[in-house]
Amino acid sequence: MAEPSDSPVLRQSATFPPETIAEIQRAASEGLYDIRGWGAKRRLPTFDDLLLLGASLSRYPLEGYRERCDTNVTLGTRFAKQPIELKIPVTIAGMSFGSLSANAKEALGLAATEMGTSTTTGDGGMTNEERIASKTLVYQVLPSRYGLNPDDLRRADAIEIVVGQGAKPGGGGMLLGLKVSDRVADMRTLPAGIDQRSASRHPDWTGPDDLTIKIRELREITDWQKPIYVKMAATRVQYDVQLAVKAGADVIVLDGMQGGTGATQDVFIEHVGIPTLPAVRQATDTLQELGMHRKVQLVVSGGIRSGADVAKALALGADAVSIGVAALIALNCNRPLYLKDYEALGTAPGYCHHCQTGRCPVGVTTQDPELEARLEPRAAARRVRNYLSTMVLEAQTLARACGKSHMLNLEPEDLVALTPEAAAMARVPLAGTNWIPGVAASD
Amino acid sequence: MITVDLNRVDIRELNQRLHDQNGDDGRTPWRIVGPDGRHSIAVGLDATLTVTVEGHVGYYCAGMNQHAHVTVNGHAGPGLAENMMSGTVRVTGNASQGAGASAHGGLLVIEGDASSRCGISLKGGDIVVGGSVGHMSAFMAQSGRLVVCGDAGAGLGDSIYEAELYVAGSVGGLGADCVEKDVTDDHRTRLTQLLCRAGIDADAGSFRRYGSARTLYNFHVDHAGAY
């Protein structure tokens with residue numbers, strides 16, 4: 001008979017696990033919500049919960065290394081005289097100079113240009129480095145209107161009216177004082193070093209009827225040349241997509257709750273919005289009901305990481321995807337370099353989400369010249385280019401296996417789900433069954 | 001004088017004709033008749049044009065104006081001269097909400113009253129209102145001046161940064177972090193010059209000045225109640 005062990009039996013509370021205890025005690029000590037970068041860290045239904053059905057007897061595959069699988073996509077065909085032509089269906093999402101270093105913005109622009117895709121400005125306006133580096137640049141019009149001016153509006157290739165972002169639907173921007181350098185402050189017409197909290201609503205319009213008029217104003221200012229995107233956080237997708245279409249958007253950008261941020265309350269990041277997976281299907285269904293699918297293009301973002309994610313998002317009806325955090329990771333975010341600097345932030349490579357501090361060890365999300373110098377724009381651009389290229393090759397591999405000669409030919413019928421939840425959200429059958437939860441079986 | 005009748009010409013054609021002057025030193029004045037509350041009249045101008053609109057305008061008249069001098073002989077809808085960069089915009093009547101929103105430069109004169117959120121998110125422009133302004137005016141105003149010859153509604157200058165506010169009449173209430181400040185001789189001199197430039201007959205000595213207490217510039221838990 002075994003002797004009873006002397007070691008104590010530790011029993012962890014499911015309600016109060018160690019991280020919850022630590023957060024309560026941090027809040028008790030500091031009296032302030034936790035602010036951090038990145039997107040949701042909780043487990044969510046994702047594109048990993050879907051599988052693609054490769055061809056066999058009932059479908060023909062394309063030859064993987066010989067037959068073409070095109071990846072080009074055109075955005076802004078509805079009203080704009082000069083739609084955006086992209087070589088790949090992966091774009092770089094809006095991220096501000098201020099949140100990101102100038103070197104990071106330049107590197108993203110160079111990489112996007114080399115790959116024939118677009119990059120996007122952010123809260124704080126357009127930098128010259130970014131404009132010069134980016135062949136195709138989308139200019140964001142945000143509630144804060146920091147740095148907004150008609151000259152940059154005209155020299156942009158498209159305009160993106162930002163209603164919200166996935167990390168913080170209904171919330172405004174935030175840039176803590178450590179990152180509000182003299183240059184950032186000057187671009188935003190603010191005192192240097194302040195905690196900059198930007199507005200959550202636009203100053204000169206409220207609601208969809210006003211947005212219709214606002215879009216027409218921007219079209220008038222730019223002589224109807226530029227596509228106008230409307231970027232929204234994924235929440236009430238059916239209604240919001242309908243309203244954006246009615247307001248006259250050329251392109252809808254839909255950002256799921258996995259979408260990243262430079263700084264936002266953790267409670268916001270983890271508890272507001274819906275995941276990208278259900279959002280893309282709801283948006284596609286809504287556009288199809290309106291007869292506007294492929295007429296108003298749909299770009300989805302929030303947690304896109306690989307060619308598999310790209311293929312699945314496109315199969316669910318997106319025209320393109322957009323990446324933010326993944327592009328930063330390709331730049332070097334969370335790379336195991338400068339370990340002592342990670343340690344000084346109280347974190348480690350692979351876990352860091354400390355963009356809000358401005359002390360980014362690898363020079364991506366900082367305004368500190370010494371840290372920024374760690375990110376050499378050309379070398380960083382090469383990494384992002386390699387990553388984008390890999391994503392596209394992966395997506396093409398999957399599309400060819402499904403018999404598609406163009407990425408946009410992927411369709412929901414190419415997908416099955418691994419979980420009932422994902423099946424319900426994506427409205428594709430649970431793998432090995434004909435069962436789509438919530439959809440009546442056909443005879 | 002070039003006259004454009006908006007009962008015969010649509011907004012697109014009007015704006016295109018005005019934009020075709022962009023970058024030029026337009027010497028011939030433009031007169032626009034029949035506006036009938038239409039939106040986006042004379043937006044995105046980028047030349048030293050003189051444009052007079054005879055009647056009432058809808059949303060965003062003279063939006064993002066650069067260099068041009070636009071006069072509306074009537075009332076204006078929301079977002080008048082939004083994000084103006086330079087030049088002057090004058091309205092002889094009243095203006096609806098969000099007049100001069102996020103204006104980076106230039107001078108906006110409203111001879112009558114302005115509704116709520118006048119000068120919201122102001123970024124360097126000057127706004128002179130001959131009458132009164134509604135609630136939440138100069139909300140989050142960052143730079144520039146809002147001068148109100150009448151009264152100001154509740155929540156004036158809420159979450160204000162470095163903009164300067166002058167009010168001759170009563171104030172319905174100051175917003176978070178907005179406080180009354182001393183008026184020095186230098187302030188009065190500069191205010192007199194601004195009123196003169198705006199063509200508004202008012203005594204600079206009768207205004208009180210408001211601005212930021214700067215207590216909310218960096219978040220502190222003890223100020224949480226102010227948000």
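**Exercise 1. Is A:Ser322 buried or exposed?**

Let us settle this on the predicted model, one step at a time.

- Step 1: Locate the residue. A:Ser322 sits in strand E15 of chain A, which covers residues 320-323.
- Step 2: Count its surroundings. Within 10 Å there are 29 other C-beta atoms.
- Step 3: Apply the cut-off. A residue is buried if 20 or more other C-beta atoms lie within 10 Å of its own, so A:Ser322, with 29, is buried.
- Step 4: List the partners. Leaving out residues up to four places away in sequence, A:Ser322 touches A:Thr91, A:Ile92, A:Ala93, A:Val253, A:Val299 and A:Ser301.
- Step 5: A:Gly303 is 19 residues from A:Ser322 in sequence, and their C-alpha atoms are 9.3 Å apart.

**Exercise 2. Find the residues with the most contacts inside the largest nonpolar core, then explore one of them.**

- Step 1: Take the core as a whole. The largest nonpolar core has 201 residues.
- Step 2: Pick out the residues with the most contacts inside the core: they are A:Ala249, A:Ile252, A:Leu254, A:Leu331 and A:Val384.
- Step 3: Zoom in on A:Leu254. With residues up to four places away in sequence left out, its contacts are A:Met232, A:Ala234, A:Val237, A:Ala279, A:Val280, A:Ala283, A:Leu298 and A:Val300.
- Step 4: In soluble globular proteins, nonpolar side chains tend to be buried together.

**Exercise 3. Work out whether the radius of gyration of each chain agrees with that of a compact globule.**

- Step 1: Start with chain A. For 443 residues a compact globule would have a radius of gyration near 22 Å, and chain A has 22 Å, so the two agree.
- Step 2: Turn to chain B. Here 227 residues would give a value near 17 Å, and chain B has 18 Å, which agrees.
- Step 3: Look at the extents along the principal axes. The C-alpha trace of chain A spans about 80 × 60 × 45 Å, while the C-alpha atoms of chain B fill a box of roughly 60 × 35 × 30 Å.
- Step 4: Check burial. In chain A, 55% of the residues count as buried; in chain B, buried residues make up 55%.

**Exercise 4. How many residues does each chain bring to the contact?**

- Step 1: Count both sides. Chain A supplies 22 residues and chain B supplies 38.
- Step 2: Find the largest share on the side of chain A. Helix H6 of chain A (residues 207-221) provides 5 residues.
- Step 3: Sort that side by class. The side of chain A touching chain B has 11 nonpolar, 4 polar and 7 charged residues.

Methods. Residues numbered from 1 in each chain as written. Chains lettered and ligands numbered in written order. Predicted model: local features only at pLDDT ≥ 70, side-chain atom pairs only at ≥ 80, totals over all residues. Rg over C-alpha atoms; globule rule 2.2 N^0.38 Å. Buried ≥ 20, exposed ≤ 12 C-beta atoms within 10 Å, placed from the backbone. Contact = placed C-beta atoms within 7 Å. Helix = DSSP H or I, 4+ residues; strand = E, 2+ residues; numbered from the N terminus. Nonpolar A, V, L, I, M, F, W, Y, C, P; charged D, E, K, R; others polar. Core = buried A, V, L, I, M, F, W, Y, C linked by C-beta atoms within 7 Å.
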